[in-house]
Amino acid sequence: MGLVTASTSLGRSGLHDWIIQRVSALVMLAYVIYLGYFLCTTPELTFPVWQELFASTFMKVFSLLALLSVIGHAWIGLWIVSTDYMPKLAIRFIFQVLVILICLTLLVWGIQILWSL
């Protein structure tokens, strides 16, 4: 008999969710370290310098990966909290739908910001 999976879980099992949490945390850590290094080593931080940093394809892809990591990390964490601490199905369902809507909104907004002209 296999593991029971939940239809609203991001991964296929608890192990997959655990791995997604750890990988997303590493991506977010790498992003913060990279930005921190950039901020510490840039002598004059002006808008054109900042704009040039985010104009590169590398930074756009890295920022998108960081955004996806934040969203995936948040969804798994909030899904676990809601299933553990919200025993009433209606309240849990409304909460999870709101979290999904917020995550999708942030994703669309982030993509628009990163890849706009």
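**Close-up views of the predicted model**

**View 1. W50 counts as partly exposed, because its relative accessibility is 31%.** Buried stands for under 20% relative accessible area, exposed for over 50%, and partly exposed for what lies in between, with a 1.4 Å probe and protein chains only. The model is predicted, so local features need pLDDT of at least 70 and side-chain atom pairs count only at pLDDT 80 or more, while totals for chains, interfaces and linings use all residues. Residues are numbered from 1 along each chain as its sequence is written, and side-chain values use heavy atoms, with hydrogens and water left out.

**View 2. The whole structure holds six aromatic pairs.** One of these is tilted, because the ring centres of F38 and W50 are 6.2 Å apart and the planes stand at 55°. F38 belongs to helix α1 (residues 14-41) and W50 to helix α2, so this pair ties together parts that are twelve residues apart in sequence. F38 counts as buried, because its relative accessibility is 15%. W50 also forms a tilted aromatic pair with F54, at 5.2 Å centre to centre and 55° between the planes. W50 and F54 are four residues apart in helix α2, so about one helical turn separates them. Rings of Phe, Tyr and Trp (its six-membered ring) pair if their centres lie within 6.5 Å; planes under 30 degrees apart are stacked, over 60 edge-to-face, and the rest tilted.

**View 3. Y31, Y34, F58 and F62 form a cluster linked by ring pairs.** A pair of aromatic rings is described by the distance of the centres and the angle of the planes.

**View 4. The largest pocket has about 300 Å³ of space.** Twelve residues line this pocket, and F54, G110, I113, L114 and S116 lie nearest its centre. Two or more lining residues come from each of α2 (47-55), α3 and α4 (89-115). Helix α4 gives the largest share of the lining, five residues. By class, the lining has eight nonpolar, three polar and one charged residues. Here Ala, Val, Leu, Ile, Met, Phe, Trp, Tyr, Cys and Pro count as nonpolar, Asp, Glu, Lys and Arg as charged, and the others, Gly among them, as polar. A pocket is an open set of points on a 1 Å grid over the protein atoms alone, where a 1.4 Å probe fits, with protein on both sides within 12 Å along at least five of seven lines; lining residues have an atom within 4 Å of a point. The volume is the space filled by probe spheres set on the points, which are joined across faces, edges and corners.

**View 5. H73 and Y85 each carry the UniProt annotation "binding site", from an unreviewed entry.** Such annotations may be inferred rather than shown by experiment; their positions follow the numbering used here, and feature names are shortened. H73 sits in helix α3 (residues 57-85), and Y85 is found in helix α3 too. H73 is partly exposed, because its relative accessibility is 25%, whereas Y85 is exposed, with a relative accessible area of 65%. Leaving out residues up to four places away in sequence, H73 touches Q21, S24, A25 and M28; a contact means heavy atoms within 4.5 Å.

**View 6. The protein chain has four helices and zero strands.** Along the sequence, the pattern is α-α-α-α. Helices (H or I, at least four residues) and strands (E, at least two) are DSSP runs, numbered from the N terminus. Of the 117 residues in the chain, 26% are buried. Among contacts between residues at least 6 apart in sequence, 61% join residues at least 24 apart.
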